[in-house]
Amino acid sequence: MEQVTVPSALGLMLEADHRRQTRHSAWWTIGVAALGLLNLFACAYLERFIGSDRSGEGFILFLATESFFALLTGAAVANSGLETLARRTRVLPLAAATRFDFVLLALVRHRALLMLTGTAVFAGALLGPATVPGVGGRVVMMTLLMLLLMVLMSTLLILRIRPGAAGRSILASAGLAAAAFLIATAVMSPGPVLRILLPLRWVASGVAEVEQGNIIPALSNAMYLAIAAAACAWIGRRYA
């Protein structure tokens, strides 16, 4: 007999989100492509500030710019319907972890964030020595940074939509606004602010260590990013 499979609740919600995206007009698709193109132009402009020192302010400025664009894009995605859809999932008998997984996967799969992340990782791979360890290290560290940002945005969105949690919603909004403000300040006025953004420092230090052949210190910086993402995910899955 042919086996009948029943789609999971997570799969059904992701399918609903995908159908919501496919209803956008052709101009929306063109806008997503333009977003990626503009990001590549921004990366090409920032290349002049980077130089040979991947742990210096020039490279951290590049990371801050890409992080700022990612936060802006994520906020636009949330406000364009994802937050409403996530709120409606609260009427379903779902586990908290499933609700968080939906928000995170919806962000990761969204075309605008895929385009932005792809161009950021591609540009990061090109900004440095064209050696296999160097390119691989930059790709891994940039990917971990973008993953951390998406997990952070998912956790903050989950905290915002919790019923009867006005205080948490305010704190979540304030946290996202503070992160965006710090990164925007670092982009517009580079200086001491760049040094207090620890995830950016971890990426820059990890990339510099890889390019110098110091794999173990680079793995330590990658581990910091992974632990930060795992901590945010644990909070989101616990309190969704």
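Is Arg-237 buried, partly exposed or exposed? I looked this up to begin my notebook, and Arg-237 turned out to be partly exposed, with a relative accessible area of 37%. I noted the cut-offs beside it: buried means under 20% relative accessible area, exposed means over 50%, and partly exposed lies in between, with a 1.4 Å probe and protein chains only.

**Entry 1: what I am looking at**

I remind myself that this is a predicted model, where local features need pLDDT of at least 70, side-chain atom pairs count only at pLDDT 80 or more, and totals for chains, interfaces and linings use all residues. Residues are numbered from 1 along each chain as its sequence is written, and side-chain values use heavy atoms, with hydrogens and water left out.

**Entry 2: the helices**

I counted 10 helices and 0 strands in the chain. Helices (H or I, at least four residues) and strands (E, at least two) are DSSP runs, numbered from the N terminus. Reading from the N terminus, I wrote the order down as α-α-α-α-α-α-α-α-α-α. Of the 240 residues in the chain, 43% are buried.

**Entry 3: the core**

**Entry 4: a nonpolar patch on the surface**

I then turned to the surface. Leu-37, Leu-38, Leu-40, Phe-41, Phe-122 and Leu-126 form a nonpolar patch there, and together they have about 630 Å² of accessible area. Accessible areas come from the Shrake-Rupley method with a 1.4 Å probe, and for residues only the protein chains shown count as cover. Patches are made of residues with over 30% relative accessible area and no salt bridge; like charges are joined within 9 Å and nonpolar side chains (Val, Leu, Ile, Met, Phe, Trp, Tyr) within 5 Å. H2 supplies the largest share of the patch, 4 residues, and H2 and H5 each supply at least two. I checked Leu-126 by itself: Leu-126 lies in helix H5 and counts as exposed at 54% relative accessibility.

**Entry 5: salt bridges**

How many salt bridges does the structure hold? I found 4. A salt bridge is a side-chain nitrogen of Lys or Arg within 4 Å of a carboxyl oxygen of Asp or Glu.

Back to my opening residue: Arg-237 forms a salt bridge with Asp-101, with the closest N and O atoms 2.5 Å apart. Arg-237 lies in helix H10 and Asp-101 in helix H4, so this pair ties together parts that are 136 residues apart in sequence. Asp-101 is partly exposed, at 22% relative accessibility.

Arg-138 and Glu-211 also meet in a salt bridge (2.7 Å, N to O). Arg-138 is in helix H6 and Glu-211 in helix H9, so the pair ties together parts 73 residues apart in sequence. Arg-138 is buried, with a relative accessible area of 1%, whereas Glu-211 counts as partly exposed at 25%.

Arg-87 and Glu-83 form a salt bridge too, with the closest N and O atoms 2.9 Å apart. Both are in helix H3, and being 4 residues apart they are separated by about one helical turn. I also noted that Glu-83, Arg-87 and Arg-160 are linked in a network of salt bridges.

**Entry 6: aromatic rings**

The structure holds 4 aromatic pairs. Rings of Phe, Tyr and Trp (its six-membered ring) pair if their centres lie within 6.5 Å; planes under 30 degrees apart count as stacked, over 60 as edge-to-face and the rest as tilted. The ring centres of Phe-68 and Phe-69 are 6.4 Å apart with planes at 40 degrees, so I wrote "tilted". For Trp-234 and Tyr-239, the centres are 6.5 Å apart and the planes at 90 degrees, so I wrote "edge-to-face". Trp-234 is exposed, at 54% relative accessible area, and Tyr-239 is partly exposed at 32%.
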